[in-house]
Amino acid sequence: RGGGGGEEPEGEEWSIEAQGLAEIPAGFPAECMNAVSVSMANNKLTSIPASIATLLKITDLNVSENQLTELPSEIRSLLGLTVLDISDNKLTEVPEWVGDLKKLERLDAYKNSINKVSARVAELKDLKELNIFNNLIVDLPAEIGDMESLELLNVASNQLRVCPPLLKLRGLKRLALFWNKVSILPELGDMPDLEELQLSKNLIVALPDLSRLPALTSISVGNNNLTEIPASIKFCLALQELAAGSNQITALPDGLSHLPNLSKVVLPSNKVSEIPEEIWSCGGLETLDLADNSVSLLDPQVSKLQSLTNLFVQGNKLTEIPDSLKDMGKMKRLQLTDNPVPVTDDAIKALLGDLKKICEGNGGKLMGPEKEAPTASPTKGKLKFSLAKLKGAA
């Protein structure tokens with residue numbers, strides 16, 4: 001430990017993290033000349049001395065969680081840097097000199113006030129992770145679409161209206177564009193490693209072709225202006241979760257039965273009027289959320305979904321629900337509220353009692369219909385009931 005309170009164990013790391021410092025200690029940089037990792041994070045620093053350029057062995061620099069409004073251009077001399085964390089400051093740009101850091105593999109610049117990203121960032125041919133979310137970025141340089149080494153591109157929570165072409169980003173594993181103002185997406189092309197596609201809370205009117213995303217496990221497109229999910233989703237054979245709530249979607253996409261790993265379908269607050277028969281072939285489905293739609297019929301074949309633990313169909317137009325729900329032994333959360341179901345019929349009460357026991361036995365809860373249907377008359381013969389919503393799915 002030097003006189004300024006930094007640490008340099010075995011010449012590897014020097015840290016003054018979380019010491020409430022407003023200035024760099026007097027021993028800097030002399031006491032950390034051999035450090036490969038330097039952290040000044042979580043202080044009250046307003047500037048970094050230009051003498052940082054003398055730390056020629058450094059590979060990891062962390063100046064996050066300070067009060068920096070600019071960075072010294074001398075950082076461009078640290079040619080061995082592989083990680084640069086400048087997040088959670090008051091910076092307004094990703095400076096052009098960052099393009100000199102040719103060995104950089106991760107750049108964290110999130111949670112600033114950045115409104116400009118230099119096109120020179122695309123010169124970082126080894127960059128795998130670019131985190132610039134939670135800023136004020138309106139436009140991205142088109143050159144970002146040429147960064148073939150990128151595995152993570154996170155530009156969420158900005159003010160983007162246009163996304164640049166991404167056809168060359170074949171190594172991308174996660175694309176996070178949520179919470180922007182994008183209305184039209186570019187083609188995604190061949191992205192054989194893409195696992196997460198996060199596009200929620202934009203103004204998107206249509207999704208691009210998804211047929212060349214074989215590794216995609218999760219697609220999140222809620223809170224947009226979509227009217228459909230493309231049938232090309234059936235080629236996303238690794239898909240586990242489809243989340244598309246709060247859109248204008250009128251039907252579930254064709255081809256869901258082709259997805260052997262599908263476990264969660266979440267489409268609340270849309271305009272879906274019927275549940276396609278093929279959904280009953282999705283044997284691995286654990287959550288089906290169609291709350292606040294216009295579904296009028298729940299097929300007795302729902303009991304084929306023996307892995308289903310969460311069924312949310314509240315706020316629909318169901319007047320009947322199938323007695324076969326009693327055969328779904330894994331059901332944990334079942335919501336039937338806000339549907340026109342006759343609740344005074346003794347047989348219906350008995351069924352609801354059985355369903356309650358199943359849900360509570362699995363540590364969950366049944367939310368049954370509270371009010372009698374306007375035209376309620378006891379059903380005779382084969383009893384069916386209406387399913388409504390179970391709160392809790394995103």
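## A network of salt bridges

Arg76, Glu96, Asp100, Lys102, Arg120 and Glu123 are joined to one another in a network of salt bridges. The model they belong to is a predicted one. In total, the structure holds 13 salt bridges.

Two contacts of Arg120 can be described in detail. With Glu96, the side chain of Arg120 meets in a salt bridge of 2.9 Å, N to O. This pair links distant parts of the chain, 24 residues apart: Glu96 sits in the loop between strand 5 (93–94) and strand 6, while Arg120 sits in the loop between strand 7 and strand 8. Arg120 also forms a salt bridge with Glu123, and here the closest N and O atoms are 3.0 Å apart. How accessible are the two glutamates? Glu96 has a relative accessible area of 38%, so it is partly exposed. Glu123, at 31% relative accessibility, counts as partly exposed as well.

## The salt bridge of Asp190 and Arg212

Another salt bridge is formed by Asp190 and Arg212, with 3.8 Å between the closest N and O atoms. Asp190 belongs to the loop between strand 10 and strand 11, and Arg212 to the loop between strand 11 and strand 12 (218–220), so the pair ties together parts that are 22 residues apart in sequence.

Arg212 is partly exposed, with a relative accessible area of 33%.

Ile184 and Leu207 are 23 residues apart in sequence, and their C-alpha atoms are 8.1 Å apart in space.

## Two aromatic pairs

How many aromatic pairs are there? The count comes to two aromatic pairs. In one of them, the ring centres of Trp14 and Phe28 are 5.4 Å apart and the ring planes stand at 40°, so the pair is tilted. The pair links distant parts of the chain, 14 residues apart, with Trp14 in strand 1 (residues 13–15) and Phe28 in the loop between strand 1 and strand 2 (37–39). Trp14 has 0% relative accessibility and counts as buried. Phe28 counts as buried too, at 9% relative accessibility.

Tyr110 and Phe133 also form an aromatic pair, and this one is stacked, with 4.5 Å centre to centre and 5° between the planes. Tyr110 is found in the loop between strand 6 (106–108) and strand 7 (116–117), and Phe133 in the loop between strand 8 (129–131) and strand 9 (152–154), so the pair ties together parts that are 23 residues apart in sequence. Tyr110 counts as partly exposed at 24% relative accessibility. Phe133 is partly exposed, its relative accessible area being 23%.

## Backbone features

Which peptide bond is cis, with omega near 5°? The bond in question runs from Phe28 to Pro29. Pro29 lies in the loop between strand 1 and strand 2, and Phe28 is the residue that pairs with Trp14 through its ring.

Lys111 has a positive phi of about 55°, although it is not a glycine. Lys111 is placed in the loop between strand 6 and strand 7. At 43% relative accessibility, Lys111 counts as partly exposed. Glu65 likewise has a positive phi of about 55° without being a glycine.

Where in the chain is Glu65? Glu65 lies in the loop between strand 3 (60–62) and strand 4 (83–85). The relative accessible area of Glu65 is 38%, so the residue is partly exposed.

Glu65 also takes part in a patch of negative charge on the surface, where it gathers with Glu12, Glu13 and Glu17.

Terms used:
Residues numbered from 1 in each chain as written. Predicted model: local features only at pLDDT ≥ 70, side-chain atom pairs only at ≥ 80, totals over all residues. Heavy atoms only, no water. Patch = residues over 30% accessible without salt bridge, like charges linked within 9 Å, V, L, I, M, F, W, Y side chains within 5 Å. Areas by Shrake-Rupley, 256 points an atom, 1.4 Å probe, with all protein chains shown as cover. Salt bridge = Lys/Arg side-chain N within 4 Å of Asp/Glu carboxyl O. Lys, Arg positive; Asp, Glu negative; His and termini not counted. Charge placed at Lys NZ, Arg CZ, Asp CG, Glu CD. Helix = DSSP H or I, 4+ residues; strand = E, 2+ residues; numbered from the N terminus. Buried < 20%, exposed > 50% of the residue type's maximum accessible area, 1.4 Å probe, protein only. Phe/Tyr/Trp six-rings, centres within 6.5 Å; stacked < 30°, edge-to-face > 60°.
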